[in-house]
Structures are given as C-alpha cells and as structure tokens.
Amino acid sequence: MWEYLQPVRIIFGNGTINRLAEEIAKMNGSNGLLITSESFEKRGFVEHIKQISNGRINLSYCHVSANPTVIECDKCADILRQNHCDFVLAMGGGSVMDCAKAAATFCLTDNHSTDYLGTGKTIPESHLPLIAVPTTSGTGSEVTCVSVLSDHERGIKSPMNSSGFYPTVAIIDPELTYTVPPHITACTGFDVLCHAIEAYWNIHHQPICDDLAIHAVRLALENIVQAYDNPLDKQARENMAEASVTAGLAFNMPKTTSAHACSYPLTNQLGIAHGEACAMTITHFIRFNADNGCDRIENLAGMLGYHDAHGMADAIDTMREHTGMMLNLKSFNLTDEQLEALIQGSKHPNLLNNPIPVPEEFLRTMYTKLR
Ligand code: NAD
C-alpha cells in the first residue's frame, strides 16, 4: 500500500523570478510580507523584490538565521497578524522557507511556535498563501510539508509536519543560486544527496518517490563538485536546482532516515551546518546498511555504475574530501558526556525509517570513530 501527494505548483527555470507579480496576482494577494535573511537585504534584493511585486509587497522581515528559531518564527507571525497580510513570500535557503511556512500557519492562531514544536499538538491546516523561492540547492523545503525549527531554551531542533505547510507555489530560479559560496554549495549539495539516498532506502519507499530519488542521486553525484569548483557553471547550478527539488519530492512522503536523524544533534550540540552534518554520517550508514543485507542500497549503487555500495560510499567520501567537508569530530575534543549526548540525540524518530534497525552499539562505534 502506498500513497502519493504533491500539491505544490512548481515553476522551474532561469529568470522565473520575474513571474513573481503574475503569481501574486493569481492568488489575489494585495499585502504580502517578504521573509528572507540579512544577506539578501545587504545585497539589495529586498528593494528589488518590492519593486517587481508591483506594490503588493511593502513589508519585510530579514532576520531569519541559519537554523531558524521559534522566536524568529513568532516574530514573523506577529508581523503578519498586526498588518493583516494576505500572503507570504519566502526567499532564501531552507531556513527562511521553514520559518515562513510555520509563520504562515501559526499567524492564523493565537498560539506560539513552542505550543507545537516537539509537543505533538496538532498543527492546524489553514494558512496564508505562500510563495517559496529557494536560493540554495539543498533542502527541497519549497515542496515539502516539513518545517524545521530550533528552540534554544529547550535545546531542541526538530521537524514539524503539517499538510498546512505546503507552499502554494514554488518558483525555482537556478540563477538565484549563483551567489552561494562554495562551502555552502557543498553543504547544501550533500543535503540533496542524503535526501535522495534516504528516500530510496527508506522503509516507506514507494515507486514514484524511488524514480525521483534515483534521478536526484544521479544529478547530485554528477554536479556537486562541479558547482563547488565553478560557482558560475550555469549547467551545474541548474542541475543541482533540479536535483534539489526532485529530492524534496522524493523524501517528502517517506521522510528521511539515519543520516538526518544524526544531523539534528550534530547541528544542535556542535553547530555543524545542516548539510555538512548529514554528510558526516551518510557513508557510515551506506556501509552499515549494505553489510546488514539492505539490497536497495546495493541496487542503487549498481544502477549508478558503482561496483557495489562500498564503492559508492568511497566515491562520496572522496567528494566530501574534495569539497572540504568536515571529515570527523576531532576538532571538538568531545567529552564522554558530549559523545553520549550525540548518541542519545541521534535516536530521533526518523532513525526508525532506516531500512536496517540501528542499534545503540552501532551509533556508539560510529561516533567513537568520528571522535
Ligand atoms: P540556510 O537556509 O541556513 O542558508 C545557509 C546560508 O546561506 C545562510 O547564511 C544564507 O543567508 C545563505 N544563502 C542562502 N542563499 C544564498 C544565496 N543565493 N547567495 C548567498 N548566500 C545565500 O541553508 P539551507 O541548507 O538551505 O537550509 C538549512 C535549514 O533547512 C536547516 O535548518 C535544515 O534543518 C532545514 N531543512 C528543512 C527541510 C524541509 O523539508 N523543510 C529539509 C532539509 C533541511
């Protein structure tokens, strides 16, 4: 039994940001809030977006940080409520889109983000129309029903799922990713690769997501290094943007698995960027799954032209090295307590989606090797 749903209209291609006013008009938007990060404000993008919106966006919130917090989300929701906004434009990486998706829903309630994050409280489905414009090729958040927020007070970073979090439309313009610096290009690129691999070997895998995942894995493997080495390589940027959205479509239903489960404590406790944190453990899980009888990873490796899953893991490790990804946790001088916290923090619900049950002992061995 399987189910597939994808309610987000996707507009893909170079220059498609110029369709913004048309898209706002289609949703009868008259008073929108632009949610973005400071780097876009500094580079003059906020004024540009206001101009090309034909007067329909006059408000902006530009303080979304990497790993957005419940405080930032609540601030956006307050602005939306106080100004009676009728739509939201999220322009940025996964952090901006996640913050905007949650704010577009929570603004229609009297609640705060902390009422929902990590509490299990049902998230209402009604939300303001949202236009998502990704500027990194990474999270696929523009097509998912997931929003990941952090609450530093409670020490948690966690995904929330709601069908109310689907954007109304995603405008994916690869030209907007040309300014992403090489290190962030690599981090976000490995996030794409992990989404696709984890969608494919997931216990909830299904045929539509499988095909999307294979397409995305192939594109990511062929283009991460290219985009890292040559940020202005138009074809590599376009291919990574395509890989990112197809990987998003691939994991949205089955969700992620082991590498993402481990990424949450790695980011939360050690501040490692999301994609780099996923890349830290993905090849450990490729080898673990293959050695414990996961045929799907062997089949995927074969389809991609590798001799076996270990060959695929070796190739990914070489890419990690080439792109300067952190290869271990030595620089953190982890204490025993910190190591234990990483192990326990990795027992996130998504770990249960791994095709082979992951025993605590494996996590202990892996983190001890990385230490
Ligand atoms: P990000 O959004 O945190 O951005 C990283 C940095 O890149 C920021 O400083 C940002 O300002 C900068 N940046 C973004 N676009 C740029 C551009 N075009 N030019 C120059 N600089 C640019 O990074 P991300 O990897 O896209 O998102 C990570 C977040 O998304 C994490 O919180 C992660 O947990 C979450 N996530 C969400 C989903 C989902 O389905 N909702 C999936 C995976 C990850």
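**Ligand site in a predicted model**

A backbone N or O atom of Val 146 lies 3.0 Å from a nitrogen atom of the ligand, which counts as a polar contact (a pair of N or O atoms within 3.5 Å). For Ser 39, a side-chain N or O atom sits 3.3 Å from a ligand oxygen. On its own the ligand exposes 870 Å², and the protein buries 88% of that (Shrake-Rupley areas, 1.4 Å probe).

This is a predicted model, with pLDDT of at least 70 needed for local features and 80 or more for side-chain atom pairs, while totals for chains, interfaces and linings use all residues. Numbering runs from 1 along each chain as its sequence is written, and side-chain values use heavy atoms, leaving out hydrogens and water.

The shell around the ligand holds 29 residues, the closest being Gly 94, Ser 95, Asp 98, Thr 135 and Thr 136 (a heavy atom within 4 Å). By type, the shell splits into nine nonpolar, 15 polar and five charged residues, with Gly counted as polar and Tyr, Cys and Pro among the nonpolar ones.

As for the fold, the protein chain has 14 helices and eight strands (DSSP runs: H or I of at least four residues, E of at least two). The chain is as compact as a globular protein of its length, because its radius of gyration is 20 Å, close to the 21 Å from the globule rule for 371 residues (C-alpha atoms; 2.2 Å times the number of residues to the power 0.38).

How values were computed
Polar contact = N/O pair within 3.5 Å; in protein donor to acceptor, adjacent residues only side chain to side chain.
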